[in-house]
Amino acid sequence: MNRPTISALAAVASLLALTGLATVTSGDEAQETTSTQQPEPRPVERTTLACPRATHAPLATTWYTAYTPVGDAASEQGAGSAALLPAPEYSPGAIDDGDDGQGDGDGQGDGDGDSGNGDGGGDGEGRQEQQDPVVSLTEPGLPVTTSTEEATAPALVGMADERLAPGWTVQQTTRLSAGGHGLLGTACQSPDTTFWFAGASTAASRSDYVHLTNPDEAATVVDIELHGPDGRLETDIGEGVTVPGRSSVPVLLTTLTTEEVDDLAVEVTARTGRIGAQIEAVDEQRGADWLPPSPRASGRLVLPGIPADVRSVQLMAYAAGDEDITFDVGLAGPAGVITPAGHETVSVRSGSLTSVDLGPLTQGEAGSLILTPAEGSGSGPVVAALRVTVGEDQREMAFIPATGPLEPRATTSGNTVEGTELTLTAPAEAAEVRITVSATSEAEEGSEPTGQSVTVRARTTLVFVPELPEDSEGRYAITVEHTGGGPLHASRTLTQDSDSGPLLSIQTLPDDRSAVTVPDTGQDLSVLID
């Protein structure tokens with residue numbers, strides 16, 4: 001009997017069972033078991049989030065707003081907890097004070113946290129005491145907001161479980177007071193193994209940091225690759241970046257290469273474990289904002305949320321596959337889709353970053369960019385984003401990555417009473433949407449959320465401005481549910497006034513990870529080996 005073969009067959013059978021189909025063949029006999037019913041999605045029981053360091057600016061105010069929507073299954077789960085804790089910044093070779101047990105990262109310490117010589121890749125067991133949470137949540141349906149004016153506000157990592165896990169969302173919004181201007185907004189993200197970005201830069205006017213945050217106890221090693229108009233930039237420094245457990249590492253892109261490149265695609269990959277990764281983009285003329293990851297997607301791309309008063313729109317697209325791709329360009333506005341004059345198509349070469357100046361584009365009406373592969377074009381995955389600017393005397397930039405269709409629900413927190421709007425786009429058929437606005441973080445006890453159903457007409461963009469009771473204060477959450485019709489893409493825009501001009505940040509709304517489909521485990525996976 002060949003036992004390695006049996007083990008391999010058993011492993012394959014188990015893997016196939018997770019997809020609802022198991023087939024195992026031995027000799028002339030074959031058994032096949034097929035699940036006849038699609039399992040129902042179930043609420044997640046645990047959610048992990050990672051938030052980047054707030055900013056490298058010397059003076060700033062940062063707000064954190066945590067929220068979990070009220071779900072149908074909340075009563076069936078336990079009370080739960082949700083909290084984000086500091087993830088201290090790690091500098092290779094720097095000796096710390098021993099409080100966190102991570103030491104100098106030389107790999108030689110015992111990790112006991114007493115001498116500061118524990119290894120940078122330790123499992124975190126040397127931490128002497130639990131840190132206080134920066135923001136915590138105890139009830140679904142009630143947003144909680146906290147703020148800090150500390151310039152060194154650290155990265156955060158944490159977890160929500162039981163009834164607080166489904167859809168747990170934390171918004172991080174930072175307004176710079178010195179060292180530049182800008183409103184930086186981002187949602188704390190679920191850790192993953194690979195992230196792609198389009199729109200980073202090593203130009204002299206830019207200071208872009210990749211913030212790597214490790215939410216787990218074990219260390220991980222991360223590789224960073226840069227791709228420009230002429231292909232991959234050669235650099236060895238971005239390979240093998242160690243991120244200790246429950247720590248963060250900022251990497252300045254200009255330290256990875258001597259080339260000054262206006263627009264770059266960036267690939268961040270964890271060799272083991274998982275990380276959070278976001279890029280803090282700071283421009284001397286255009287302000288600052290977070291450049292969020294873009295999905296590596298094939299087919300039609302939708303980039304929702306171009307402001308009505310936009311001054312410039314720059315498209316950055318990277319073809320990650322083996323084929324060149326040509327896209328037909330469309331702008332979905334309130335009346336339908338138009339083709340921008342002079343920008344009917346965009347061609348993206350394989351393995352290179354293509355940057356196209358689309359000009360003001362919206363002409364006074366908010367819209368969303370739709371890129372559709374042209375007939376006869378090549379195919380493959382593409383990473384794309386927009387850099388938009390507003391303002392006259394002082395320009396302010398924000399980024400809009402391509403985003404997938406919203407299925408079935410998205411949640412965004414940290415919305416302000418003034419200066420919040422949703423952009424909803426239906427690139428094909430009309431879409432039905434349910435929008436629920438929570439009570440604010442400073443509302444009286446017993447305040448209830450309000451809901452409204454809207455229809456986004458086919459091939460149009462709808463701007464939705466939430467209505468709150470008079471005298472509302474604090475921050476609130478919005479839940480967007482796709483209830484029917486064709487695909488729906490969404491983003492949320494935050495704006496604030498300043499003495500020198502408007503400040504804004506735009507975030508797309510992906511699924512809020514509130515449910516997961518659990519495969520049926522009642523299948524017969526018995527294996528007969530001759």
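The following questions and answers concern a predicted model of one protein.

User: What conventions apply to residue numbers and to confidence in this model?
Analyst: Residues are numbered from 1 along each chain as its sequence is written, and side-chain values use heavy atoms, with hydrogens and water left out. The model is predicted: local features need pLDDT of at least 70, totals for chains, interfaces and linings use all residues, and side-chain atom pairs count only at pLDDT 80 or more.

User: How many helices and strands does the protein have?
Analyst: Helices (H or I, at least four residues) and strands (E, at least two) are DSSP runs, numbered from the N terminus. The secondary structure comes to one helix and 38 strands.

User: What share of the residues is buried?
Analyst: Buried means under 20% relative accessible area, exposed over 50%, and partly exposed in between, with a 1.4 Å probe and protein chains only. Of the 530 residues of the protein, the buried share is 50%.

User: Among contacts between residues at least 6 apart in sequence, what percentage join residues at least 24 apart?
Analyst: A contact means heavy atoms within 4.5 Å. Among contacts between residues at least 6 apart in sequence, the share joining residues at least 24 apart is 80%.

User: Is the aromatic pair of W196 and Y318 stacked or edge-to-face?
Analyst: Rings of Phe, Tyr and Trp (its six-membered ring) pair if their centres lie within 6.5 Å; planes under 30 degrees apart count as stacked, over 60 as edge-to-face and the rest as tilted. By this rule the count comes to one aromatic pair. The ring centres of W196 and Y318 are 5.3 Å apart and the planes lie at 25°, so the pair is stacked.

User: Which strands hold W196 and Y318?
Analyst: The pair links distant parts of the chain, 122 residues apart. W196 is buried at 9% relative accessibility, and Y318 is buried at 6%. W196 lies in β12 (residues 194-200), and Y318 in β22 (residues 312-319).

User: Which ring does the charged end of R475 sit over?
Analyst: A charge sits over a ring if NZ of Lys or CZ of Arg is within 6 Å of the ring centre and within 35 degrees of the ring normal. The charged end of R475 is 4.5 Å from the centre of the ring in question, that of W63.

User: Is strand β18 largely enclosed or exposed, and which residue in β18 is the bridge partner of H227?
Analyst: Six of the seven residues of β18 (residues 264-270) are buried, so this strand is largely enclosed by the rest of the structure. Two strands pair if DSSP finds at least two bridges between them. β12 pairs with β18 in the antiparallel sense over six bridges, and β14 (residues 220-228) also runs antiparallel to β18, joined by six bridges. The partner of H227 in β18 is A265.

User: Which residue in β17 is the bridge partner of T213?
Analyst: Strand β13 (residues 206-214) and β17 pair in the antiparallel sense over six bridges. In β17, the partner of T213 is S248.

User: Which residue in β20 stands opposite D283?
Analyst: Strand β19 (residues 276-283) and β20 pair in the antiparallel sense over five bridges, and a hairpin joins β19 to β20 through three residues. Five of the five residues of β20 are buried, so this strand is largely enclosed by the rest of the structure. Opposite D283 stands G287.
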